[in-house]
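Here are a few friendly notes to read alongside the model.

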Amino acid sequence: MTADAPHGAEAPPELVQLLTPEGERVEHPDYDIDLTPEEIRGLYRDLVLVRRVDLEAVALQRQGELGIWASLLGQEAAQIGSGRALAETDMAFPTYREHGVAWCRGVDPVNLLGLFRGVNHGGWDPAEHNFHLYTIVIGSQTLHAVGYAMGVQRDSAEAATIVYFGDGATSQGDVNESFIWASVFNAPVVFFCQNNQWAISEPLEKQSRIPLYRRASGFGFPGVRVDGNDVLACLAVTRKALADARSGQGPMLIEAFTYRMGAHTTSDDPTRYRVAGELEAWKLKDPIERVRAYMFKNQLADQEFFDAIDAEADDLGRDVRKRCLALPDPEPLAIFDHVYAEPHRLMDEERAQFAAYLEGFEG
Ligand SMILES: Cc1ncc(C[n+]2csc(CCOP(=O)(O)OP(=O)(O)O)c2C)c(N)n1
Ligand SMILES: [Mg+2]
């Protein structure tokens with residue numbers, strides 16, 4: 001604040017929040033949102049259904065039906081809020097945990113399960129859904145996204161790109177390079193960092209001495225920290241950032257402050273490195289409970305609505321499970337099929353070698 005700022009003017013609160021953990025609607029000077037009861041009910045439905053798909057996937061992994069699963073538990077609001085902010089022509093680049101964003105982009109959850117079951121390499125057409133394939137190499141998708149956004153810019157198209165990454169990813173060179181390119185070329189890209197406090201067993205303190213959103217200023221573009229467990233705030237902040245990007249105002253970093261309530265993946269045991277009290281504290285900030293409380297208080301839905309959503313979630317869980325178990329095993333040689341769009345000599349050689357290896361098992 002400068003010395004001549006008007007009396008009473010205060011810096012905006014660091015964390016953009018529109019819905020408290022108790023379900024109270026609060027105002028923010030820079031961000032607001034006016035949703036119909038129908039739209040609020042739609043967001044609630046998204047949150048519940050996505051959590052149900054996630055729980056089913058964890059159960060399937062535990063039963064040996066998936067090789068691994070990266071749970072989004074606790075991050076539903078960050079993903080649904082930002083995902084529902086996207087226009088159809090916007091493009092999204094996910095990590096491996098963006099099941100909620102995939103849902104918003106119309107990707108069948110069974111495709112996600114197929115990837116973690118090891119029977120497909122993604123299973124959806126990124127161009128059809130404007131949702132890129134999952135990316136495991138930490139942070140690399142930020143460069144792909146900036147390149148894509150620069151292409152959009154050169155086509156003079158009015159579309160924004162959003163790219164998801166974690167708190168740990170902010171330490172990667174790729175992410176920092178992508179910040180530079182985005183800034184210097186004023187690329188229409190929104191960097192959406194889900195700060196879930198952990199990068200496997202590494203806590204946030206090992207990644208940064210300052211709040212992550214403030215990193216953006218060093219690269220020359222704005223950053224904002226939003227309550228990542230508040231679906232309304234995530235929607236409002238992302239909507240504005242995407243609109244700014246589309247209208248030529250360049251990149252923006254959104255830090256969605258949230259918490260990974262589950263393990264890093266089903267291969268991880270968080271009790272080895274974090275205390276139980278931390279999880280208990282974050283359970284009180286649950287992204288779904290606060291919307292439910294808000295809806296109850298303001299009579300935006302009755303018990304019948306909540307029961308119907310629960311029933312729909314159970315049906316979805318059953319359906320996803322059934323279709324996951326019915327996924328056919330691919331031909332072993334199919335692994336070489338979509339590595340390159342066109343025939344490739346190295347692939348041909350490797351396919352031939354692998355075919356000979358497989359033949360060694362017969363007879
Ligand atoms: C380049 C690279 N280095 C290391 C890994 C192994 N790895 C997988 S997930 C992960 C942690 C990522 O943490 P964060 O960016 O916070 O995302 P989160 O999983 O918490 O959503 C690491 C180090 C990897 N996949 N890619
Ligand atoms: Mg993380």
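1. Strand β8 (residues 252–257) is mostly covered, with six of its six residues buried (buried: 20 or more other C-beta atoms within 10 Å of the residue's own, C-beta atoms being placed from the backbone). Strands and helices here are DSSP runs, E of at least two residues and H or I of at least four, numbered from the N terminus. Please bear in mind that this is a predicted model, in which local features need pLDDT of at least 70 and side-chain atom pairs pLDDT 80 or more, while totals for chains, interfaces and linings use all residues. Residues are numbered from 1 along each chain as its sequence is written, with chains lettered from A and ligands numbered from 1 in the order written.

2. Both faces of β8 are covered: M252, I254 and A256 are buried on one side, and L253, E255 and F257 on the other.

3. Who are the partners? Strand β4 (residues 189–195) pairs with β8 in the parallel sense over six bridges (pairing takes at least two DSSP bridges). Here C193 has E255 as its bridge partner.

4. β7 (residues 223–227) is also parallel to β8, over five bridges, and R225 stands opposite E255. From β7 the chain crosses through helix α9 (residues 231–246) to β8 in a right-handed β-α-β crossover (clockwise from the first strand over the helix to the second, with the strands pointing away from the viewer).

5. Now the ligand: 15 residues surround ligand 1, the closest being I138, G166, G168, A169 and A199 (near means a C-beta atom, placed from the backbone, within 6 Å). β3 (161–166) and β5 (198–199) are the elements that give two or more residues to this shell.

How values were computed. Buried ≥ 20, exposed ≤ 12 C-beta atoms within 10 Å, placed from the backbone.
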